[in-house]
Amino acid sequence: MKTRCTQITPAVSCTRCELVRRSLRLGGLLVFGVGLVITATAAPSFSRQSATSQNLASSSIPDVKCVIGLENIKPGAKGTLTSLPTGLEFTAGKKNADIATSSIQDVFTGRESRQDVSGMGGTLVEAAIPYGGGRVVSLFSHKVDVLAVEYVDSNGGFHGAIFVLSAGKATEFKNQLVAHGAKVSTHVEAPEPKEQNQ
Amino acid sequence: MKALSRTPHLSVLLFTGGCVALLMAASLLAQPGPAGKPGPAAQQTQKLTASAIQLERIVQPDDLLIPEDTRVSMYENVILQLIKTRKFQHVYRSGDRTAADAPDLVVLHLIPEAFKPGSQKEREVITVAGATSIKVKVQFTSREGKVLLEKDVVGKVRFYGENLRATYDLAKKVSGLVNESF
């Protein structure tokens with residue numbers, strides 16, 4: 001009996017061991033798989049969270065035209081407009097100007113239409129086309145957003161800055177400034193220019 | 001022969017007489033009017049003096065809708081043009097606390113009276129249509145609010161240029177008025 005037992009026990013124990021090992025392997029694989037799936041599904045939401053927090057911290061819009069109103073910046077200069085928790089920053093080449101969030105009195109957004117061919121060069125090109133064909137070139141236009149920021153300096157002097165951004169970006173930028181604590185009042189909407197009504 | 005020689009003498013005499021009459025009339029017109037009642041010509045040439053000027057914020061009237069960017073652009077362009085005139089030692093912005101120390105300060109108010117938005121596309125395609133125009137009452141007052149000078153100024157963009165260029169035109173005209181009056 002003893003010998004039988006001793007003969008059978010190792011074999012039984014081996015099969016048990018293998019069963020346990022197999023089940024462990026399967027369980028491990030299952031846990032790994034489930035973990036992988038969870039990680040894969042959770043990763044985008046985590047990255048989205050970090051992206052939104054980055055958006056709140058700062059965001060910059062390139063190719064913005066500062067029409068007028070910033071100290072040290074020439075009217076009509078093109079550069080990058082950045083919304084920071086401390087305020088607004090405009091950089092044109094080596095020069096930059098900033099407006100502190102606490103000094104912002106109001107922010108306005110609007111939409112306008114700009115000619116695709118404009119400026120001195122555009123005017124010359126239009127004039128060079130015979131039989132008044134230059135007028136056809138004037139028909140091509142694109143929409144832009146206008147952002148007006150009213151702010152005060154350290155002496156309490158009132159300033160206003162106007163920026164021209166690509167379409168659809170002004171409202172988003174305004175919302176970021178508001179999220180950072182900029183003051184905004186309710187506005188009466190002015191009628192849109194004629195091109196937009198057509 | 002005698003008649004022929006007399007005719008030029010007569011015409012010279014008449015010409016001289018006419019010149020004298022004209023000179024007398026001109027001198028009479030140039031004389032100042034009664035004291036205390038300056039004539040219209042004298043009122044126009046009377047210049048204002050001030051070492052500093054403060055531009056007040058452009059307030060939108062209740063019955064007129066002007067886009068905010070137009071108002072802001074008007075304000076900033078006028079500030080730039082006032083500095084360019086070099087008529088004042090200081091050009092103060094609205095709300096500037098340091099303006100309180102200025103000895104002879106003139107306050108400039110721009111009161112919008114009319115606004116036509118216009119269209120850049122119409123201007124460039126049709127030429128005769130689509131002009132943008134802004135009519136503003138330019139008012140120079142003392143610190144106490146006494147009106148020193150008042151005039152209507154119109155800023156326009158007729159053919160080429162963006163709508164906001166009308167504010168630049170207006171600012172140039174305001175600076176012209178400042179050069180005439182100070």
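Trainee: What should I know about the model before I start?

Mentor: It is predicted, so local features need pLDDT of at least 70 and side-chain atom pairs count only at pLDDT 80 or more, while totals for chains, interfaces and linings use all residues. Residues are numbered from 1 along each chain as its sequence is written, chains are lettered from A and ligands numbered from 1 in the order in which they are written, and side-chain values use heavy atoms, with hydrogens and water left out.

Trainee: How many helices and strands are there in chain A?

Mentor: Helices (H or I, at least four residues) and strands (E, at least two) are DSSP runs, numbered from the N terminus. Chain A has five helices and seven strands, and along the sequence they read α-β-β-β-β-β-α-α-β-β-α-α. Chain B has five helices and five strands, in the pattern α-α-β-α-β-β-α-β-β-α.

Trainee: What share of each chain is buried?

Mentor: Buried means under 20% relative accessible area, exposed means over 50%, and partly exposed is in between (1.4 Å probe, protein chains only). Of the 198 residues in chain A, 32% are buried; for the 182 residues of chain B the figure is 41%.

Trainee: How do E3(A) and E4(A) pair?

Mentor: Two strands pair if DSSP finds at least two bridges between them. Here strand E3 (residues 87-92) and strand E4 (residues 95-100) of chain A run antiparallel, over six bridges. Phe90(A), for instance, has Ala97(A) as its bridge partner. The two strands form a hairpin with two residues between them, and Gly93(A) in the turn has a positive phi of about 65°.

Trainee: Where do positive phi values turn up in residues other than glycine?

Mentor: Most residues other than glycine have a negative phi, and most peptide bonds are trans. In this model Asp63(A) has a positive phi near 60°. It lies in strand E1 (residues 59-68) of chain A and is exposed, with a relative accessible area of 56%. Arg86(B) has a positive phi near 55°, sits in the loop between H3 and strand E2 (90-92) of chain B, and is exposed at 76%.

Trainee: Which residues of helix H4(A) are buried?

Mentor: An α-helix has 3.6 residues a turn, so residues three or four places apart point the same way. In H4 (residues 170-179) of chain A, the buried ones are Ala170(A), Phe173(A), Lys174(A), Gln176(A) and Leu177(A). They cover an arc of only 160° around the axis (taken from the directions from the helix axis to the C-beta atoms), which puts them on the same side of H4(A). Glu172(A) and Ala179(A), on the other side, are exposed. Just after the helix, Gly181(A) takes a positive phi of about 115°.

Trainee: Is Val164(A) buried or exposed?

Mentor: Val164(A) counts as buried, at 9% relative accessibility. This residue is in strand E7 (residues 158-166) of chain A. Its C-alpha atom is 4.7 Å from that of Val146(A), 18 residues apart along the chain. Leaving aside neighbours within four places in sequence, its contacts include Asp63(A), Val67(A) and Arg114(A).

Trainee: What does Ser73(B) touch?

Mentor: Not counting residues up to four places away in sequence, Ser73(B) touches Ile68(A), Ile162(A), Leu164(B) and Thr167(B). Ser73(B) is in helix H3 of chain B and is buried, at 2% relative accessibility.

How values were computed
Contact means heavy atoms within 4.5 Å.
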